[in-house]
2 protein chains.
Amino acid sequence: MQPFTTRRADTVAALGEEKLISAIRRWLGNVNPAPPAGIGDDCAVLTADRGRTLITVDPVVYGRHFDASVSPHHVGGKLLKRNLSDIAAMGGTPTVAVVSLLLDARTKTDWLAGFYRGLASAAREYGVKIVGGDVAQADGTLSASLTLIGRAGPRVLTRMGARVGDWIYVTGQLGNSLATGHHVAFRPRLAEGQWLATRREVRALMDVSDGLAKDVRALTPASTYPAIVADALPLRAGADVRGALEDGEDYELLFAVAARTDTAAFERAWNRRFRRVRLTKIGRFERPVAAALSGSIVDLRRYRGYEHLR
Amino acid sequence: MQPFTTRRADTVAALGEEKLISAIRRWLGNVNPAPPAGIGDDCAVLTADRGRTLITVDPVVYGRHFDASVSPHHVGGKLLKRNLSDIAAMGGTPTVAVVSLLLDARTKTDWLAGFYRGLASAAREYGVKIVGGDVAQADGTLSASLTLIGRAGPRVLTRMGARVGDWIYVTGQLGNSLATGHHVAFRPRLAEGQWLATRREVRALMDVSDGLAKDVRALTPASTYPAIVADALPLRAGADVRGALEDGEDYELLFAVAARTDTAAFERAWNRRFRRVRLTKIGRFERPVAAALSGSIVDLRRYRGYEHLR
């Protein structure tokens with residue numbers, strides 16, 4: 001749906017701020033608790049958990065993360081799921097979110113209704129409450145930024161901790177996310193991340209969103225090279241090796257497994273728990289000299305991931 | 001400072017994403033803890049407090065909350081302080097924040113350096129850590145949205161709780177915020193909010209940011225009228241009654257004090273604690289019939305506050 005209109009009666013400006021906020025609360029339905037636990041006071045008041053808290057923020061921007069070809073329902077879902085993928089990447093459980101909306105006065109009220117209903121639908125599916133937000137006007141812009149809070153598990157898996165010799169694993173498939181619709185249809189790997197955090201052989205974890213070639217660097221220990229075997233890469237339908245390395249928006253988990261692990265046993269345990277989610281050993285962290293010896297290893301200097309500013 | 005330039009070498013696009021994020025961490029300095037407590041992993045990991053948590057989000061948008069006449073340092077400070085005012089309005093203490101930045105590729109790196117240094121300076125002043133964020137490109141836009149987390153005190157003061165007969169108080173002065181520079185120079189009323197939460201006679205609290213005429217409605221109990229005495233309004237330099245009611249960006253505290261309170265004693269206690277901060281009794285919540293009898297009472301139908309969408 002085209003999000004803007006010149007028919008003033010159909011715009012958020014015609015609705016006005018007060019009615020818009022009422023409408024947002026209606027569109028969100030039961031994923032918005034009554035104030036002060038939800039929308040309606042200066043802050044939302046949450047009952048704090050013991051243990052550790054996770055916090056992350058990611059936006060969706062018109063012309064970048066979606067356009068008129070994506071339904072507003074999918075845009076709302078994507079906004080939440082992008083952030084859920086970050087909580088999954090620490091092995092955590094999502095709890096509450098706030099949404100900051102920036103929009104042109106010509107934005108269609110119908111578009112916004114679809115967006116918030118899509119957001120609410122995803123929030124219900126993943127057990128998240130939307131507890132607050134803000135709406136501000138910005139000419140020529142339509143974007144929403146969501147801050148997501150989560151509860152850490154007994155162990156938090158960060159990007160740090162991989163060592164030389166560790167195996168590199170990835171969930172699902174990579175590449176061609178846009179054409180296949182994966183960029184809106186994906187399921188964030190929450191259960192998978194929580195399970196990985198219980199496994200002592202898993203040393204470091206992150207999600208792949210800007211393309212493997214770019215993201216794997218964050219997991220790579222100093223003085224090592226991520227020796228990824230090109231033929232091992234799990235390709236999404238229509239993707240080639242370059243797409244798997246560069247396309248971005250995979251929202252899969254990438255992690256390091258300790259060198260001495262019985263990887264066959266680890267993979268059997270995975271398959272028992274996640275029957276339908278593919279798990280692929282794609283390489284290992286090696287000393288640069290060792291990695292250079294093999295012709296089947298990806299030369300990462302030849303690939304780039306998604307660059308946020310150009 | 002004009003935030004955009006056509007000289008490519010001076011832009012964030014020329015810097016590139018990776019160097020920009022490094023620069024942001026440098027500009028933020030010690031208000032950004034090392035990961036995973038700060039910027040650099042999929043989420044920030046916080047040690048959860050016991051008790052209750054507050055969460056709020058507010059943006060600054062180029063052309064709405066600032067323009068080229070405001071220094072980037074002040075824009076960064078204003079972004080944090082707008083949110084601090086919401087924590088103050090619940091009687092809480094701020095702890096950590098994340099920032100979602102939306103910018104045109106032509107944004108000057110220098111502008112952004114000033115912005116983040118101003119944000120860091122305010123964060124140090126108020127004891128807030130900046131623990132994460134996101135940078136996304138959006139053509140023709142420059143805006144930042146900050147989500148602020150706080151710790152609730154033993155008592156949370158919401159907007160609900162005022163009753164008929166309660167006195168209406170406001171801190172500081174109202175009106176003419178833009179011309180006087182108050183909209184960037186203001187100090188959020190954190191200590192004042194925390195103190196008010198310890199006083200049993202205070203029944204409801206909020207901050208005034210969209211103009212008193214609009215905001216007071218949120219504090220007003222059903223079937224009552226906020227009988228505000230026009231002559232009692234504390235006017236900022238150059239402001240008239242209309243400005244005090246409509247201008248917005250006051251970032252003062254507005255609260256209800258129980259009808260039977262010895263208000264002279266309450267005011268003496270305030271003045272002992274906050275020598276330099278003016279406190280003004282501006283009216284009381286009355287039955288509509290009683291309020292209509294007096295000619296000195298503001299007729300709120302004749303005034304409007306700041307409308308976010310027009």
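Good morning. I begin at the end of a helix: directly after helix 2 of chain B comes Gly29(B), with a positive phi near 60°. The model under discussion is a predicted one.

I turn now to helix 2 of chain A. Its end C-alpha atoms are 16 Å apart, which agrees with the 16 Å that 12 residues should span at 1.5 Å a residue. The buried residues here are Glu17(A), Leu20(A), Ala23(A), Ile24(A), Trp27(A) and Leu28(A). Seen down the axis of helix 2 of chain A, they too lie within an arc of 130°, and therefore line one face of the helix. Glu18(A), Lys19(A) and Arg26(A), on the other side, are exposed. The buried residues of helix 2 of chain A pack against helix 1 (12-15), helix 4 (109-126) and strand 4 (129-137) of chain A, together with helix 8 (212-219) of chain B.

This brings me to the relation between the chains. Chain A is superposed on chain B by a rotation of 180°, with 0.0 Å of shift along the axis and an RMSD of 0.0 Å. That is the relation of a two-fold axis. Which C-alpha of chain A is nearest the axis? It is that of Arg50(A), 3.1 Å from the axis. As for the interface, 100% of the interface residues of chain A are also interface residues in chain B, so the copies meet through the same surface.

I mentioned strand 4 as a partner of helix 2 in chain A. Of the 9 residues of strand 4 of chain A, 7 are buried, so the strand is largely enclosed by the rest of the structure. It pairs with strand 3 (residues 93-103) of chain A in the parallel sense, over 8 bridges. Leu103(A) stands opposite Gln137(A), the latter in strand 4 of chain A.

A further buried position deserves a moment. Asn83(A) belongs to helix 3 (residues 72-88) of chain A. Is Asn83(A) buried or exposed? With a relative accessibility of 0%, Asn83(A) counts as buried. A polar atom of its side chain lies 3.0 Å from the backbone oxygen of Leu79(A). Neighbours within four places in sequence aside, Asn83(A) is in contact with Thr56(A), Val57(A), Asp58(A), Leu146(A) and Leu148(A).

I close with backbone geometry. Most residues other than glycine have a negative phi, and most peptide bonds are trans. With that in mind, two sites in each chain may be noted.

The first topic is the peptide bond from Pro35(A) to Pro36(A), which is cis, with omega near 5°. Pro36(A) sits in the loop between helix 2 (17-28) and strand 1 (44-47) of chain A. In chain B, a cis peptide bond joins Pro35(B) and Pro36(B), with omega about 5°, and Pro36(B) is placed in the loop between helix 2 and strand 1 (44-47) of that chain.

The second topic is Asn176. Asn176(A) is not a glycine, yet its phi is positive, near 55°. The residue lies in the loop between strand 6 (167-171) and helix 5 (177-180) of chain A. Asn176(B) has a positive phi of about 55° and is found in the loop between strand 6 (167-171) and helix 5 (177-180) of chain B. At 19% relative accessibility, Asn176(B) counts as buried, because the cut-off is under 20%.

Thank you for your attention.

How values were computed:
Residues numbered from 1 in each chain as written. Chains lettered and ligands numbered in written order. Predicted model: local features only at pLDDT ≥ 70, side-chain atom pairs only at ≥ 80, totals over all residues. Heavy atoms only, no water. Least-squares fit on C-alpha atoms with pLDDT ≥ 70 in both. Contact = heavy atoms within 4.5 Å. Helix = DSSP H or I, 4+ residues; strand = E, 2+ residues; numbered from the N terminus. Buried < 20%, exposed > 50% of the residue type's maximum accessible area, 1.4 Å probe, protein only. Polar contact = N/O pair within 3.5 Å; in protein donor to acceptor, adjacent residues only side chain to side chain. Expected span 1.5 Å × (residues − 1). Arc of directions from axis to C-beta. Pairing = 2+ DSSP bridges.
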